[in-house]
Amino acid sequence: MGHRASLKINDTHVHPQGFLLKLKNHVLGRLLANKGLGEEEFTQVQHNCLTFINNHIHQHHLLHINYTTYNLWQAQDSLNPSTHPDIMVLSHEDTENPHPYWYARIIGVFHAKVRYRGPEVQDPAPKRINFLWVQWFTHNKNIKASWSVHRLPCVGFYPQGESNAFSFVNPHNVIRGVHLIPAFCYGLTSELLPPTSIGHHESDNGKDWDWYFVNM
């Protein structure tokens, strides 16, 4: 991870609504269930047992991911929310014939030192937790993607109002960065996110591409 900045965990001017609750559930899932993808629901008592050291989280500009190429060489992706933000992780769907990967866009790269004083753990010493704040893509179920039909997988953002539009990811679950190609034929939309959403860059002018193709 690159250079960092320190942010107060409860600063509502920096973090959107729901950020802290999702973060606590993510961290508790990592500490108590050894999971880092998605958020389980934990009790208020468990939330109260979790503290962030100095009430701060630390933001980084870069995330480096090591991966193995198709010809078995070692390579590294340098990811950041501005110019190389899109990632892939293994899918955890239970549906029949699911796509093997989920795709997300990095909004922020963070770490925090946390302490949990609940009865579930024997060691209450502070622990460092690295995490990514991401915006998830959903698959376009109406477009069949396969080598046989010569069509790439098609994904688009969840609307911001859906509960799974934004969440946290353990960086260790990131396989590598991914190249998404705007599906120009479907055009732009302003219906997925409000103009002031954290998912927008200033250059987006409040709009997103409706769909993207996953370059493979």
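Okay, let's start with a pair of side chains: Asp-86 and Arg-105 meet in a salt bridge, 2.7 Å from N to O. By salt bridge I mean a side-chain nitrogen of Lys or Arg within 4 Å of a carboxyl oxygen of Asp or Glu. Asp-86 sits in strand E6 (residues 86-90) and Arg-105 in strand E7 (residues 101-116), so the pair ties together parts that are 19 residues apart in sequence. Strands here are DSSP runs of E with at least two residues, helices are runs of H or I with at least four, and both are numbered from the N terminus.

Before I go on, a word on the model. It's a predicted one, where local features need pLDDT of at least 70 and side-chain atom pairs count only at pLDDT 80 or more, while totals for chains, interfaces and linings use all residues. Residues are numbered from 1 along each chain as its sequence is written, and side-chain values use heavy atoms, with hydrogens and water left out.

Back to our pair: are the two partners buried or exposed? Asp-86 is buried, at 7% relative accessibility, and Arg-105 is buried too, at 15%. Buried is under 20% relative accessible area, exposed is over 50%, and partly exposed is in between, using a 1.4 Å probe and protein chains only.

The structure holds two salt bridges. The other one joins Arg-176 to Asp-77, with the closest N and O atoms 3.6 Å apart. That one links distant parts of the chain, with Arg-176 in strand E11 (residues 174-177) and Asp-77 in strand E5 (residues 74-79), 99 residues apart. Arg-176 is partly exposed at 26% relative accessibility, whereas Asp-77 is buried at 8%.

Now over to a helix. Gln-46 is in helix H2 (residues 44-48), and at 15% relative accessibility it's buried. What does its side chain reach at 3.0 Å? That would be the backbone nitrogen of Thr-43. Setting aside neighbours within four places in sequence, Gln-46 is in contact with Leu-28, Leu-32, Tyr-116 and Glu-120; contact means heavy atoms within 4.5 Å.

Zooming out to the whole protein, we have two helices and 15 strands. Of the 216 residues, 43% are buried. For contacts with a separation of 6 or more, 64% are between residues 24 or more positions apart. And the accessible surface (Shrake-Rupley, 1.4 Å probe; for residues, only the protein chains shown count as cover) comes to about 12,700 Å², with 51% of that belonging to carbon and sulfur atoms.

Conventions. Polar contact = N/O pair within 3.5 Å; in protein donor to acceptor, adjacent residues only side chain to side chain.
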